Amino acid sequence: METKIKFNNGNEIYAFGLGTWKSKPGEVTQAVKDAIDIGYRHIDCAHVYGNEKEVGEAIAAKIAEGVVKREDLFVTSKLWNTYHKRELVEVNLRKTLGDLGLEYLDLYLIHWPIAYKDGAENFPRDAAGSIILAPEVDYLDTWKGMEDVLAKGLVKNIGVSNFNSEQLERLIKNSKVKPVTNQIECHAYLNQRKLSEFCKSKNIVITAYSPLGSPDRPWAKPDDPKLMDDKKLIEISKKYNKSPAQILIRYQLDRGHVVIPKSVTKSRILENSQVFDFKLSKEDIDYIDTFDCNGRICPMTGCEDHPYYPFHEE
């Protein structure tokens with residue numbers, strides 16, 4: 001699990017980490033403790049997940065036990081959409097640092113290119129129940145706030161999440177610091193081949209979230225295709241004598257992506273990490289690529305009218 005990928009600024013990130021999205025506060029502390037005990041050193045968090053305090057408790061416990069030192073860990077979090085004004089970036093970051101009990105983050109990301117109306121609510125809504133967007137707030141200003149907290153040493157690296165290639169291009173042209181990563185939904189049903197190649201050409205690392213197809217997403221419909229049950233995938237997993245999840249994780253690693261599968265089950269947290277004793281053949285990677293069906297599972301519904309909505313068909 002020591003495999004690292006170098007960022008464009010010379011710093012490094014562990015290629016494999018634990019995702020914490022949808023991990024309930026009561027479960028996530030144990031999940032993070034288990035992960036650190038198993039050998040995970042990269043933990044991916046976000047303000048909006050609502051569980052950073054519990055993640056922080058687990059980190060503090062493992063540091064106190066002497067299992068790890070702070071500098072052994074790579075901790076990521078994300079700026080939420082209601083804090084996109086330049087002067088609010090540090091406000092949200094300090095809340096995250098307080099919740100996690102940390103003095104700095106290894107990586108801070110703009111969670112989405114889309115700004116919401118600022119205020120106490122993560123999802124500010126109007127009387128009709130629609131999200132109140134703030135189209136006048138440009139992510140270029142948000143990025144200046146990210147550069148500010150980087151200059152202060154509150155974060156070691158800055159990047160983005162859910163940005164498309166045009167948005168990245170515009171960001172690179174209009175900023176001093178280039179993002180080190182773009183964290184995007186990426187799995188066999190949405191392989192992001194074009195965006196991945198674009199990012200590679202700009203020396204921006206892809207971090208793949210929902211690599212297993214997020215079977216526990218709250219809005220899944222019973223008849224939605226389940227990636228992990230895909231017969232073609234199961235066939236490949238038998239060939240390598242690995243689980244479908246392990247094949248999907250290896251698929252990302254072999255493409256040079258950072259990958260952050262989420263689980264709260266100790267046996268799965270362990271199984272997900274047992275992917276460093278094999279590699280997929282180029283033929284099998286190409287074959288898994290053919291599963292792509294533009295199967296996006298995090299479409300950010302309700303934000304389509306925002307000028308920076310990232311997922312209009314290219």
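In this predicted model, H111 is in contact with A46, V48, Y49, K78, L79, W80, N81, S161 and N162, leaving aside its neighbours within four places in sequence. H111 sits in the loop between β6 and α4. Its relative accessible area is 7%, and a residue counts as buried when that value is under 20%, so H111 is buried. In the UniProt record, an unreviewed entry, the annotation "binding site" covers H111.

One of the contacts of H111 is Y49. The unreviewed UniProt entry places the annotation "active site" on Y49. Y49 belongs to the loop between β4, residues 42-44, and α2, residues 52-64. Y49 has a relative accessibility of 17% and therefore counts as buried. Apart from residues up to four places away in sequence, Y49 touches T20, W21, D44, K78 and H111.

F123 and W80 are 43 residues apart in sequence, and their C-alpha atoms are 10.0 Å apart in space. Is F123 buried or partly exposed? At 37% relative accessibility, F123 counts as partly exposed, because the partly exposed class lies between the buried limit of 20% and the exposed limit of 50%.

Phi of S214 is near 45°, which is a positive value in a residue other than glycine. N294, likewise a residue other than glycine, has a positive phi near 55°. S214 lies in the loop between β9 (205-209) and α7 (231-240), whereas N294 lies in the segment after α10 (282-289). S214 is buried, with a relative accessible area of 4%, while N294 counts as partly exposed at 42%.

The table gathers the accessibility values of the residues discussed.

| Residue | Relative accessibility | Class |
|---|---|---|
| H111 | 7% | buried |
| Y49 | 17% | buried |
| F123 | 37% | partly exposed |
| S214 | 4% | buried |
| N294 | 42% | partly exposed |

The remaining values describe the chain as a whole. The chain contains 10 helices and 10 strands. Its radius of gyration is 19 Å, close to the 20 Å that the globule rule gives for 314 residues, so the chain is as compact as a globular protein of that length. Along the principal axes, the C-alpha atoms fill a box of roughly 55 × 50 × 40 Å.

Of the 314 residues in the chain, 56% are buried. Among contacts with a separation of 6 or more, 74% are between residues 24 or more positions apart. The accessible surface of the chain comes to about 13,700 Å², and carbon and sulfur atoms account for 50% of this area. As for charge, there are 44 positive and 47 negative side chains. The centres of these two sets lie 2 Å apart.

How values were computed:
Residues are numbered from 1 along each chain as its sequence is written. This is a predicted model: local features need pLDDT of at least 70, side-chain atom pairs count only at pLDDT 80 or more; totals for chains, interfaces and linings use all residues. Side-chain values use heavy atoms; hydrogens and water are left out. UniProt positions are given in the numbering used here, feature names are shortened, and annotations may be inferred rather than shown by experiment. Helices (H or I, at least four residues) and strands (E, at least two) are DSSP runs, numbered from the N terminus. Buried means under 20% relative accessible area, exposed over 50%, partly exposed in between (1.4 Å probe, protein chains only). Contact means heavy atoms within 4.5 Å. The radius of gyration is taken over C-alpha atoms; the globule rule is 2.2 Å times the number of residues to the power 0.38. Accessible areas come from the Shrake-Rupley method with a 1.4 Å probe; for residues, only the protein chains shown count as cover. Lys and Arg count as positive and Asp and Glu as negative; His and the chain ends are not counted. The place of a charge is taken as NZ of Lys, CZ of Arg, CG of Asp or CD of Glu.
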